[in-house]
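Please look over the chain below and keep the sequence at hand.

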Amino acid sequence: NLIIILMSLLLISCSDSDELAGLNFDRNTFEKNRALWEVNKISNYKFSQVYSSLSIGSQPELTSIVLNNELDTIFVQSKFVSVNSMGELTYFGTVEDIYQYIENKAEQLEIEINSSQNIMKGAAIEITYDEVLHYPTEIKCSGYYDKPLLGGLSINIVFSDFEVNPQQDSN
């Protein structure tokens, strides 16, 4: 009985380690939601976003206003935060920019994980989608390393307050 228990524990620990290796990213769900977003043909909308990571901390909440599928305006929500340049911040102008970021991040992480010089053994990209309009509402990116690493991959991006501009889109 003791041997069976030890073998079970060994198998469980191996499977946990295997789950942390490689890229954990549900590409099928990503592609499905991206296609459903595109079918909606929403070209005029606004949304808020907050980007945070271990390496830079949390950024102020930003709001993007999109007209004809192009970023028209982006601004900082807080009166108490001074930003000299939007170039200091990580932000997304449109929902397509968000989807492109996810696609690029997945490709970048695959390359990093498979590089012989990289200390990252695996990573995860977890995405929550709006059930009606199919835009991402949250993105979490995490890196897995053989040894503890200060400032390793840990990104959380939240998208909220999405509104379609009713004067310009009839969807």
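## Burial and overall layout

Of the 171 residues in the protein chain, 35% are buried. The model is a predicted one. The protein chain holds three helices and eight strands, and their order along the sequence is α-β-α-β-β-β-β-α-β-β-β.

Among contacts in the protein chain with a separation of 6 or more, 58% join residues 24 or more positions apart.

## Helix H3

Helix H3 covers residues 95-114. The buried residues in H3 are Val95, Ile98, Tyr99, Tyr101, Ile102, Lys105, Ala106, Leu109 and Ile113. They cover an arc of only 155 degrees around the axis, so they sit on the same side of H3. On the other side of H3, Ile111 and Asn114 are exposed.

An α-helix has 3.6 residues a turn, so residues three or four places apart point the same way. The cover over the buried residues of H3 includes helix H2 (27-40) and the strands E1 (22-25), E2 (45-53), E6 (120-129), E7 (136-145) and E8 (154-164).

## Helix H2

Phe30, Asn33, Arg34 and Trp37 are buried in H2. Because they cover an arc of only 105 degrees around the axis, they fall on the same side of H2. Asn28, Lys32 and Val39 are exposed on the other side of H2.

The elements that cover the buried residues of H2 include H3 as well as the strands E1, E2, E6 and E8. Just after H2, Lys41 has a positive phi of about 50 degrees.

## How H2 and H3 pack

The axes of H2 and H3 come within 11 Å, with a crossing angle of roughly 160 degrees. Angles over 145 degrees count as roughly antiparallel, and H2 and H3 are therefore roughly antiparallel to each other. The crossing of H2 past H3 is left-handed.

Which residues of H2 meet H3? They are Arg27, Phe30, Asn33, Arg34, Trp37 and Glu38, and on the H3 side they meet Val95, Glu96, Tyr99, Gln100, Ile102, Glu103 and Ala106. Phe30, Asn33, Arg34 and Trp37 in this group are buried residues of H2. On the H3 side, Val95, Tyr99, Ile102 and Ala106 are buried.

## Thr63 in strand E4

Thr63 lies in strand E4, residues 62-67. Is Thr63 buried or exposed? Its relative accessible area is 3%, so Thr63 is buried, the cut-off for buried being under 20%.

Leaving out residues up to four places away in sequence, Thr63 touches Phe47, Ser48, Thr73, Ile74, Phe75 and Gln77. Thr63 and Phe75 are twelve residues apart along the chain, and their C-alpha atoms are separated by 5.5 Å.

## Asp161 in strand E8

Asp161 is placed in strand E8. With a relative accessibility of 49%, Asp161 counts as partly exposed, since exposed means over 50%.

Apart from neighbours within four places in sequence, Asp161 is in contact with Lys46, Phe47, Ser48 and Glu61. Asp161 and Phe47 are 114 residues apart in sequence, yet the distance from C-alpha to C-alpha is 5.3 Å. Phe47 and Ser48 are also among the residues that Thr63 touches.

Key
Residues numbered from 1 in each chain as written. Predicted model: local features only at pLDDT ≥ 70, side-chain atom pairs only at ≥ 80, totals over all residues. Heavy atoms only, no water. Helix = DSSP H or I, 4+ residues; strand = E, 2+ residues; numbered from the N terminus. Expected span 1.5 Å × (residues − 1). Buried < 20%, exposed > 50% of the residue type's maximum accessible area, 1.4 Å probe, protein only. Arc of directions from axis to C-beta. Contact = heavy atoms within 4.5 Å. Axes fitted to C-alpha atoms, helices over the stretch in contact; angles between N-to-C directions. Parallel < 35°, antiparallel > 145°, perpendicular 65-115°, else oblique. Left-handed = near helix turned anticlockwise from the far one by under 90°.
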